[in-house]
Amino acid sequence: MIPVYQIARPDDAAKIDTLVARLRLDPAGLALGSGPRAEKLKVVHATLADVAARGDAAIVESARKFDDPEFTAARLRVAPDEMAAAHGRIEPAVRDALQRAIDQVREYQSHVMPSDPHPLQRGGLGLKLRFTPLDSVGIYFPGGKASYPSSLIMLAVPAMVAGVKRVVVCSPSGKFGGDLVLAAAHAVGVTEMYRMGGAAAIAALAFGTETIKPVDKIVGPGNEYVQLAKRAVSGAVGVDGFLGPSEILTLADDAADARFVAADLIAQAEHDPGSCFLLTTSRSLVDAVLAEIKTQLTGRQRVAAIEKALLNESMIVVADTFEPLIELANRIACEHINIQTRNDDAMVAKLRHAGAIYVGKYSPVAAGDYVAGPSHCLPTNTTARFSSGISVYEFLKRSSIVTYDAAALAADAPAITTLATAEHLDA
């Protein structure tokens, strides 16, 4: 069962610090390829080099090794009629649910789409900022333990709303046996989709192959090999971040509903792996939540994964006041934060770092995972300290536009020449 700590106890505080430190990405390990990721990084670099050298043949070999022993190059690209046929085969209720998710994600992303700010005019100098979409984006999503049509929606729809002309989708080849992902691709309007996964897929999107043209940016979740591959090609192409396992943090007091708190924790723990944190001022809530977890685990499909995540990657922290809990929440900088307190607005105001915040007991993370509108592709491993979730902003660039007339340039010329001379750039 999930460990319970008192934040005021020194021994417990040390255990809390250990878990938070383990959650946080190690900059030296990522940058230098040292520590536990060193061997994985070697494998990733070898895969990237193989795809760069052999193209489609390397993709096919990787697919045969990890996903489908019978895979052939002819199956690499998914034909649009395959997507359409799958869309026609799924249950009407599932088709309707997919469409509801697509419509509401599109509505939200359209709502937050930025417009160019009003130009700044400084005499004869005009200054503008212009947003323009990327030309092409590669969307990757995993399929190792389940199929994720919701991730396809949460990534592809913002890109399309932003105006990206070429949206390329890929996922591991052996996971296209079911129709859900193909149906979602059809409903979203995807026309270019490939059966490929892992670091090999990232290489194909970045470098291109005989079949696949390279893209300008790669986004999406995946295992550590996928994330290391994204990091390796970053700079030559854009990437969204280093996205890890799912996380939830709940801030709650005695006004919270233990049933809903437990349900939200379990829903993230079952992602296998998942990290769950309950930070509370109420010991009675802790007891009620622990009892609810036992009750709600009955009949769940992934009990072993949930129990493992709760025991090894999660914690409940109790304190007399919210001040140290808010401080801890900002250190964890969690992917999802749910707030159930007597003053939710005050809690929201004090949170500086979060991927997405769900306010009140009737705002479960699952709603955001599927239909609310904001993308569920969010920063993890404390990276919400400096990064944000996927939105149309991920697929837009900013360009400044500067227009001088003769008088304005004459007015600025003395400062220009003085600074250039001071920097020894007299030309």
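At what angle do helix α5 and helix α8 pack, and how far apart are their axes? In this predicted model, local features require pLDDT of at least 70 and side-chain atom pairs count only at pLDDT 80 or more, whereas totals for chains, interfaces and linings use all residues. Residues are numbered from 1 along each chain as its sequence is written, and side-chain values use heavy atoms, with hydrogens and water left out.

Helix α5 (residues 80–89) packs against helix α8 (residues 180–188) at an angle of about 105°, the axes being 7 Å apart. Helices (H or I, at least four residues) and strands (E, at least two) are DSSP runs numbered from the N terminus; axes are lines fitted to C-alpha atoms, for helices over the stretch in contact, and angles run from 0 to 180 degrees between N-to-C directions. The helices α5 and α8 are therefore roughly perpendicular to each other (65 to 115 degrees). On the α5 side, Glu-82, Met-83, Ala-84, Ala-86 and His-87 meet Leu-182, Ala-183, Ala-185, His-186 and Ala-187 of α8 (contact: heavy atoms within 4.5 Å). The residues of this contact comprise seven nonpolar, two polar and one charged (Ala, Val, Leu, Ile, Met, Phe, Trp, Tyr, Cys and Pro count as nonpolar, Asp, Glu, Lys and Arg as charged, and the others, Gly among them, as polar).

Six strands form an open sheet in the order β1-β12-β11-β10-β13-β14, with parallel pairing (strands pair if DSSP finds at least two bridges between them). β1 (4–6) and β14 (356–359) stand at the edges with a single partner strand each, so one side of each is left without a neighbour in the sheet. On average, neighbouring strands of this sheet are turned by 20° against each other, direction ignored. Three bridges pair β1 with strand β12 (residues 315–318) in the parallel sense, and Gln-6 stands opposite Val-318 in β12. Helix α14 (residues 323–332) packs on the sheet, where it touches β10, β11 and β12, and its direction makes about 160° with that of β11. Helix α11 (residues 258–269) lies across β10 (246–252), β11 (274–280) and β13 (336–340), running at about 155° to β11.

An open sheet of three strands, with antiparallel pairing, has the order β3-β4-β15. Its edge strands, β3 (120–122) and β15 (396–404), each pair on one side only. Strand β4 (residues 125–133) runs antiparallel to β15 and is joined to it by nine bridges, with Leu-129 opposite Ser-400 in β15. Helix α17 (residues 406–422) lies across β4 and β15, at about 95° to β15.

Note on methods
Angles under 35 degrees count as roughly parallel, over 145 as roughly antiparallel, 65 to 115 as roughly perpendicular and the rest as oblique.
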